[in-house]
Amino acid sequence: MKAATVAILLCSSPAILTQSSGSMPGVRNQFNIETIGRKMKDVIAVDIQKNREILQELVDLQTNETEQMYKYIDAAIEKLSNATFFILNEFKNNTEENLENMKTAMKENLESINAKVDAND
């Protein structure tokens, strides 16, 4: 009787082991596949969301840097334009002033020459 019980246990133990490990097709395997699928879906969804957030942060960073660069360029152009207009205005004023000084000096020289010519006559 002991030998028959041991033989039955030995013959049935591989089926019990394989069924408990999930390698035998059945309800347990289907449950494992569905569980693994759900876990993978959760992990993949989280990874996709993280990647999306990282991409959004990169886009926002690039947009902010681009806006700052344009502001810097605009400020530099404005500063350069203001300085250029100031210099041109100064040049114009100096030119007009110099022309006025030259006109006055030429008029004085002409009057001096006329006075000398009149004195010699």
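These are my notebook entries on a predicted model of one protein chain.

**Overall build.** I started with the secondary structure and found two helices and zero strands. Next I looked up burial: of the 121 residues, 2% count as buried. The chain exposes about 11400 Å², and I noted that carbon and sulfur atoms supply 64% of that area.

**Confidence.** The mean pLDDT of the chain is 78, and 74% of the residues reach 70 or more. Residues 1–22 stay under 50, and for this stretch the model has seven contacts beyond four places in sequence. Where pLDDT is low, the predicted coordinates should not be read in detail.

**A surface patch.** Which residues make the nonpolar surface patch of about 580 Å²? I found Met69, Tyr70, Tyr72, Ile73 and Ile77 there.

**Tyrosine 70.** Tyrosine 70 sits in helix α2, which covers residues 27–120. Is tyrosine 70 buried or exposed? Tyrosine 70 counts as exposed because its relative accessible area is 53%, and the cut-off for exposed is over 50%.

Terms used. Residues are numbered from 1 along each chain as its sequence is written. This is a predicted model: local features need pLDDT of at least 70, side-chain atom pairs count only at pLDDT 80 or more; totals for chains, interfaces and linings use all residues. Side-chain values use heavy atoms; hydrogens and water are left out. Patches are made of residues with over 30% relative accessible area and no salt bridge: like charges are joined within 9 Å, nonpolar side chains (Val, Leu, Ile, Met, Phe, Trp, Tyr) within 5 Å. Accessible areas come from the Shrake-Rupley method with a 1.4 Å probe; for residues, only the protein chains shown count as cover. A salt bridge is a side-chain nitrogen of Lys or Arg within 4 Å of a carboxyl oxygen of Asp or Glu. Helices (H or I, at least four residues) and strands (E, at least two) are DSSP runs, numbered from the N terminus. Buried means under 20% relative accessible area, exposed over 50%, partly exposed in between (1.4 Å probe, protein chains only). pLDDT is the predictor's confidence in each residue, from 0 to 100. Contact means heavy atoms within 4.5 Å.
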